[in-house]
Amino acid sequence: MLRLLALCLALFVPTGAWSAAPLGSAQNPLRVVLIPADGGTEDGTRADFQPVFNALTRTSGLHFTLRVGQSYNAVVEAMCNGGAEVAFFGPVAYVQARKRGCAELLAVSVENGRSTYYAGIFARAKGPVRRLSDLKGRRVAFGDLNSASSFVAPVAMLLDARIDPVRDLGAVRLTGSHANSLAALMQGQADAAALSFDSFEKAVNQGVVSGRELSVVARSAPIPNPPLGMSTRLPPAMKARLRRAFATVAKAPGVTPDMIRGYGGKRVDGYDTAYSERNYAAAAAMLARVDDPLKAAMLKKAAAR
């Protein structure tokens, strides 16, 4: 009778109610949330990162499950609300999560010895925009409000050039992604577009645009690469295990160079887990200048077409 009762309970009570599987096991994988790739699908974004997480499972024994946030802010909220243990952020989104005390730096990709990239403002090569001052009265396309390279850094460049993006621009287009901003430019819906040089180069390499069709209006100072962050709630032993896994994965036996991927599925040389938080000070300073009131004013301008 007792054995029958135990069997019935086993059928109706989840196994995890008795003893949760260890975090990082196949039964209880670490949850990873990714910022949406520039214009890609959710499946495509997961596919971009799946190789490196497969390599990490192979070398460390840790298991992961990947999902894609609907926006940069959604990734911050997932981390801060306990919906993820690991996240791939944009630099500004990472600063936002760190300020809320829910994320700390895990790893930053390295390519050719560098962990930086650039934001740019681009225009049609045969169009009227040649320099930042030419943007007065013109339509400019930006990406996600919390993207460092498709919004925050380009807006900061405008401010440095004494161009008020609310008062001086003819129109603001908020497209949600790098690729959408580039498409708005190519389709004549904008006179200039803000996006990263990585996204521009990807579009050229994929034949979406020709490099000869566009000119560079402005290029930002170096921006730290989009980082991987981990939850501050994780036990110290798990944080150390994750750092070791990322630090060694590129050189581990059985891991091929094609498995070591960064944002947009781009192959990178490896991951730096000793990258200093101080490198994100510039992103924090940009975020302080491109603050919520300015974002709200730009949203209002974008809506008034």
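I started at Arg 139, which is partly exposed at a relative accessible area of 27% (buried is under 20% relative accessible area, exposed over 50%, partly exposed in between, with a 1.4 Å probe and protein chains only). The model is predicted, so local features need pLDDT of at least 70 and side-chain atom pairs count only at pLDDT 80 or more, while totals for chains, interfaces and linings use all residues. Residues are numbered from 1 along each chain as its sequence is written, and side-chain values use heavy atoms, with hydrogens and water left out.

I looked up the partner of Arg 139 next. Asp 191 forms a salt bridge with Arg 139, with the closest N and O atoms 3.1 Å apart (a side-chain nitrogen of Lys or Arg within 4 Å of a carboxyl oxygen of Asp or Glu). Asp 191 sits in the loop between helix 7 (178-186) and strand 9 (192-196), and Arg 139 in strand 7 (residues 139-142), so the pair ties together parts 52 residues apart in sequence (helices, H or I, of at least four residues and strands, E, of at least two are DSSP runs numbered from the N terminus). Asp 191 is buried at 17%.

I then searched the whole structure and noted 14 salt bridges. Among them, Glu 104 pairs with Lys 239 at 2.8 Å between the closest N and O atoms. Glu 104 is in strand 4 (residues 103-110) and Lys 239 in helix 9 (residues 236-248), so this pair joins parts 135 residues apart in sequence. Glu 104 counts as buried at 18% relative accessibility, and Lys 239 counts as buried at 13%. I also noted that salt bridges link Glu 104, Lys 239 and Arg 243 in a network.
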